[in-house]
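Let's take a friendly walk through the aromatic rings of a protein chain. Have a look at the picture first, and then we will go from ring to ring.

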Amino acid sequence: MKCTLCPRECGADRAAGERGYCGMGDDIRVARVALHPFEEPCISGKHGSGTVFFVGCSLGCVFCQNRAIRTPEAGKSVSPERLGELFLSLQQQGAHNINLVTATHFAHGVSKALQQVKKQLTVPVVYNCGGYEKVDTLRLFEGLVDIYLPDFKYILSSMSAEYSAAPDYGEVATAALAEMYRQVGEATFDSDGMMRRGVMVRHLVLPGGRRDSVAVLDRIAATVPVEQIRLSLMRQYTPDFCPPDAPQVLQRRLTSFEYDTVAAHARTLGFTGYFQAKESVGADYTPDFTAETFS
Ligand code: SF4
């Protein structure tokens, strides 16, 4: 059967051994299963977020920090049954949530795993993604995912084409965001301030991308009620992950002027959430994908 799970709709017959643009075949591949302390405070809390990093990606970002797990050989193959056990094990270790990182291209298997264990999960399930999602695929997760944590990277088609090989990113991400909000509604938190439900949108301000960032915020505000979601406005861009042939503007760091301009616009629009401190810049937040974290 031809795969159309993500907006690429590349049509690879994964069951017959073909690999799609995402690099993945038929089996679910997982790179890392561990408590992760470096998500936003309402996601990581004191004990960490129960992250499951999936191998492969349907975007092709030139500045990808997780390049090491984009290759088909990365990680290990797991069955939906084993994946469900890993979710429960993370909960047992004290995870504040089960955090599915880039699960889109395994949507059938991951939703099956969630169906099997959802009743035993007392912590919320987080769908953490690049924002490049098909509405039909998101509907596989309705009732299974409690928190959507998408990026909203760009509006300008020329920018998303050059940086992520996805000229339709802005329009796709807009429709996806509307669907996410439809499914989970207003953001809610427990008495400790941990997020229980809702949407938190991440936006990474890029060097030279200030005007597009402002347009992204305007688009988000025109799509969902800003007072009912949370924004995580990130400044952690580092050229450390950029290959030498990446666009010149990406070879430098973000300036304070660029970030502060976008942050001021976010506040004017009424966004609340997280505005990242300058000290957060660097590669320290990238997990170690070489460590053995599950079997
Ligand atoms: S999920 Fe992978 S195989 Fe399926 S359409 Fe997208 S890129 Fe192609």
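Is Phe63 buried or exposed? Phe63 counts as buried, because its relative accessibility is 9% (buried means under 20% relative accessible area, exposed over 50%, partly exposed in between, with a 1.4 Å probe and protein chains only). This is a predicted model, in which local features need pLDDT of at least 70 and side-chain atom pairs count only at pLDDT 80 or more, while totals for chains, interfaces and linings use all residues. Residues are numbered from 1 along each chain as its sequence is written, and side-chain values use heavy atoms, leaving out hydrogens and water.

Now for ring pairs. Rings of Phe, Tyr and Trp (its six-membered ring) pair if their centres lie within 6.5 Å; planes under 30 degrees apart count as stacked, over 60 as edge-to-face and the rest as tilted. The count here is 9 aromatic pairs. In one of them, the ring centres of Phe63 and Tyr237 are 6.0 Å apart and the planes meet at 80 degrees, so this pair is edge-to-face. Tyr237 is buried too, at 2% relative accessibility. Both residues belong to one aromatic cluster, whose members include Tyr132 and Phe152.

Another pair is Tyr127 with Phe141: the centres are 4.8 Å apart and the planes at 55 degrees, so the pair is tilted. Tyr127 is buried, with a relative accessible area of 0%, and Phe141 is buried with 0% as well.

Finally, look for Arg8, which lies over the face of Tyr21, 4.0 Å from the ring centre (a charge sits over a ring if NZ of Lys or CZ of Arg is within 6 Å of the ring centre and within 35 degrees of the ring normal).
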